[in-house]
Amino acid sequence: MLVQDQLFLIDEYEKKSVFSSFLPGINGLTGIPVWSFYVNRGQCITSFGTMDKEHSIMEFYPAHQAYQRTGEMGFRTFIKIDGVCMEAFTQADTRKQMFIGKNELRIVEVDEKNRICVRVCYNTLPEEPLGALMRSVEIINLAAQERSFEVLDGMPELVPYGVSLSSMKEMSQTAKAWMEVLDHTKRMPRFKVRASMQDTAQVSQVEEFHFALAVSGQELLASVVSQETIFGYDTALKKPMRFAEKSAEALSGEKQITQNEVPCCFFARDTVLSGGASVKIQEVYGMSKAVGHLEELAEKLQTEHYFEEKQLRAKELTEELTDAIQTKTGHAVFDEYCRQSYLDNLLRGGSPIQIGKHIFYVYSRKHGDIERDYNFFMMYPESFSQGNGNFRDVNQNRRCDVQFAPFVEERNIKAFYSYIQTNGYNPLGIEKSVYRLENDQYADLTTGTFTPGQLYETLRAKVLNETDREKLFIEIMDAAREQNETSFIEGYWTDHWTYNLDLVESFLSVYPERERALVFEEQDYTYRQSCASILPRRKRYEKTQQGIRQYYFLKELVENGKYVTDGDGNVVYASLAEKLFLLCVLKTAALDPYGMGIEME
């Protein structure tokens with residue numbers, strides 16, 4: 001059901017069939033993306049982090065485990081009303097609703113027995129130099145009389161920065177020896193490892209950290225970072241045994257274990273609410289590379305309306321991105337479906353923007369949700385964020401880009417046809433776009449290859465004047481040459497090349513007068529080097545107890561460079577006509593004996 005603010009309502013969500021989804025991680029051009037997955041159980045958020053699964057803040061779990069664990073290992077809210085302890089979103093007889101937006105998630109619980117209403121809202125923090133998940137919790141006193149409320153809200157387990165997902169899964173007991181929490185007494189807890197965990201002779205210092213902040217009424221809240229302080233002897237973390245005995249603020253004032261244990265992070269708030277009154281706790285959990293950024297965020301959080309303005313901006317970003325397909329019909333659900341579909345395509349192929357003379361794609365990433373746990377997605381934690389993808393996924397989700405953004409022109413045609421090898425196959429993986437300067441004019445700012453995000457972060461630190469920074473950013477990008485990175489990964493796919501034809505047809509639907517120039521005159525298409533070759537059949541077979549089996553397909557080749565070169569070492573360039581002709585010959589040769597389809601080697 002579509003309700004106000006373009007939100008879809010699911011009533012009694014916890015009793016419906018399980019499903020998973022995610023917040024899009026769109027935090028603006030200058031923001032740092034955070035990935036976050038949710039399910040319709042507990043308080044919904046099941047895992048989140050930065051970069052990839054190896055950089056979890058709330059530990060990543062595949063779908064079937066997420067459905068089981070989110071109620072206990074996700075966000076939790078313990079409330080003591082006039083001395084009686086309870087937990088929100090855990091009772092079977094309360095009414096619970098979920099509201100899903102393009103860039104937000106809300107849940108509401110109405111508890112008639114305890115006469116309270118709890119409202120939770122999730123967004124990701126936009127346009128800041130650090131990445132974070134935003135969580136707002138509002139508790140409303142539905143009773144007519146005044147009552148005392150003591151609240152502990154947060155995460156029962158927070159993974160410190162530097163502890164990989166594989167370490168948490170395979171040797172978390174050992175990993176505890178590296179963990180520590182800093183500055184929780186300053187109400188700005190930082191979670192990290194004391195030093196790098198790799199088993200090497202050289203140990204390096206870890207500067208980055210995960211963090212958590214919370215405010216209520218523009219005042220930073222005290223935190224509890226030790227599980228034992230809250231749960232006591234209940235190591236299953238089911239009931240807050242010590243909270244039943246002491247107030248939330250009293251627990252936060254106790255001496256806590258801050259090293260060699262997996263930390264939690266709960267924020268404490270004690271208050272008295274009259275009938276109909278409410279208390280709100282606004283929290284952020286994220287990752288930062290610098291303490292200064294965290295201190296700046298703490299100051300901003302304590303200013304009036306900052307949190308609400310960031311929530312609004314998070315929603316505006318996806319509205320602005322999907323304005324290109326804004327549809328107005330008599331059916332509001334269809335109109336929102338169009339926007340959501342466009343957003344889904346955008347998250348796979350990226351959103352094209354112009355940076356000087358370059359067309360750059362932001363927000364792209366591989367579909368690595370909790371039901372596709374086999375995919376290793378990456379969302380680089382930097383401005384102008386981009387990620388990895390597969391040839392087909394990126395290609396098919398850019399097929400209509402030139403129609404929605406004509407300035408793209410033939411950019412994708414040149415990119416994807418240049419990925420095609422001389423054997424007609426293409427590499428599977430499309431990696432991040434990087435750039436390189438041909439001279440050392442800006443050697444003090446960047447060397448080697450760099451991404452727009454890396455360059456922007458460097459300039460943000462070295463050039464304080466925003467106008468000068470933006471001007472220099474465009475100046476350096478204009479002087480740089482783009483390099484499109486690819487990877488072999490699991491191998492070649494027989495059908496991926498077919499999407500290239502859609503790119504050509506889309507371009508000609510907008511620029512029909514440029515057909516001859518596109519096909520015959522532009523001689524700037526390259527050939528990717530093959531990373532592997534298919535072995536002859538005589539080398540593929542093996543005699544087993546089950547009979548003759550075909551096992552050994554590929555021979556990996558030593559790669560001398562990214563592009564095919566001639567005898568003198570010069571990169572070979574071709575026209576689109578040559579590329580198309582080559583594909584026609586090779587794919588015809590690969591037809592099966594009946595001519596019904598292309599054989600897959």
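Author: Glu 482 is partly exposed, at a relative accessible area of 23%. Buried means under 20% relative accessible area, exposed over 50%, and partly exposed in between (1.4 Å probe, protein chains only). This is a predicted model, in which local features need pLDDT of at least 70 and side-chain atom pairs count only at pLDDT 80 or more, while totals for chains, interfaces and linings use all residues. Residues are numbered from 1 along each chain as its sequence is written, and side-chain values use heavy atoms, with hydrogens and water left out.

Reader: Which side chain meets Glu 482 in a salt bridge?

Author: The partner is Arg 411, at 2.8 Å from N to O. The two come from distant parts of the chain, 71 residues apart: Glu 482 belongs to strand β25 (residues 480-487) and Arg 411 to helix α11 (residues 411-419). Helices (H or I, at least four residues) and strands (E, at least two) are DSSP runs, numbered from the N terminus. A salt bridge here is a side-chain nitrogen of Lys or Arg within 4 Å of a carboxyl oxygen of Asp or Glu.

Reader: Is Arg 411 buried or exposed?

Author: Arg 411 counts as buried, at 15% relative accessibility.

Reader: How many salt bridges does the count come to?

Author: The count by this rule is 41 salt bridges. One of them pairs Arg 76 with Glu 87, with their closest N and O atoms 2.8 Å apart. That pair links distant parts of the chain, from strand β7 (residues 76-81) to strand β8 (residues 84-87), 11 residues apart. Arg 76 is buried, at 2% relative accessible area, and Glu 87 is also buried, at 12%.

Reader: What about Arg 313, and which residue does it pair with?

Author: Arg 313 forms a salt bridge with Glu 316, and the closest N and O atoms are 3.4 Å apart. Both lie in helix α7 (residues 306-322), three residues apart, so about one helical turn separates them. An α-helix has 3.6 residues a turn, so residues three or four places apart point the same way. Glu 316 is partly exposed, at 32% relative accessibility.

Reader: Let us change topic. How much space lies in the largest pocket?

Author: It holds about 690 Å³. The search uses a 1 Å grid over the protein atoms alone: a cavity is a set of points where a 1.4 Å probe fits but cannot get out, a pocket is an open set with protein on both sides within 12 Å along at least five of seven lines, and lining residues have an atom within 4 Å of a point. Grid points are joined across faces, edges and corners, and a volume is the space filled by probe spheres set on the points.

Reader: Which residues lie nearest the centre of the largest pocket?

Author: Of its 21 lining residues, Lys 414, Arg 481, Glu 482, Asn 484 and Asp 524 lie nearest the centre. The elements giving two or more residues to this lining are β21 (358-362), α11 and β25. Helix α11 gives the most, with five residues. By class, the lining has seven nonpolar, six polar and eight charged residues. Ala, Val, Leu, Ile, Met, Phe, Trp, Tyr, Cys and Pro count as nonpolar, Asp, Glu, Lys and Arg as charged, and the others, Gly among them, as polar.

Reader: And how many cavities of 30 Å³ or more are found?

Author: There are four in the whole structure. The largest cavity contains about 150 Å³ of space. It is lined by 19 residues, and those closest to its centre are Val 394, Arg 398, Ile 430, Glu 431 and Ser 433. At least two lining residues come from each of α11, β23 (429-437) and β25.

Reader: What is the volume of the second largest cavity?

Author: The second largest cavity has about 130 Å³. Among its 16 lining residues, Phe 22, Phe 37, Arg 365, Lys 366 and Met 379 lie nearest the centre. Strands β3 and β4 are the elements that give two or more residues to this lining, and β4 supplies the largest share, three residues.

Reader: Finally, how does strand β13 run relative to β18?

Author: Strands β13 (residues 147-155) and β18 (residues 265-273) run antiparallel and are joined by nine bridges. Two strands pair if DSSP finds at least two bridges between them. Ser 148 has Val 272 in β18 as its bridge partner. Strand β17 (residues 223-224) also runs antiparallel to β18, with two bridges, and Val 224 stands opposite Phe 266 there.
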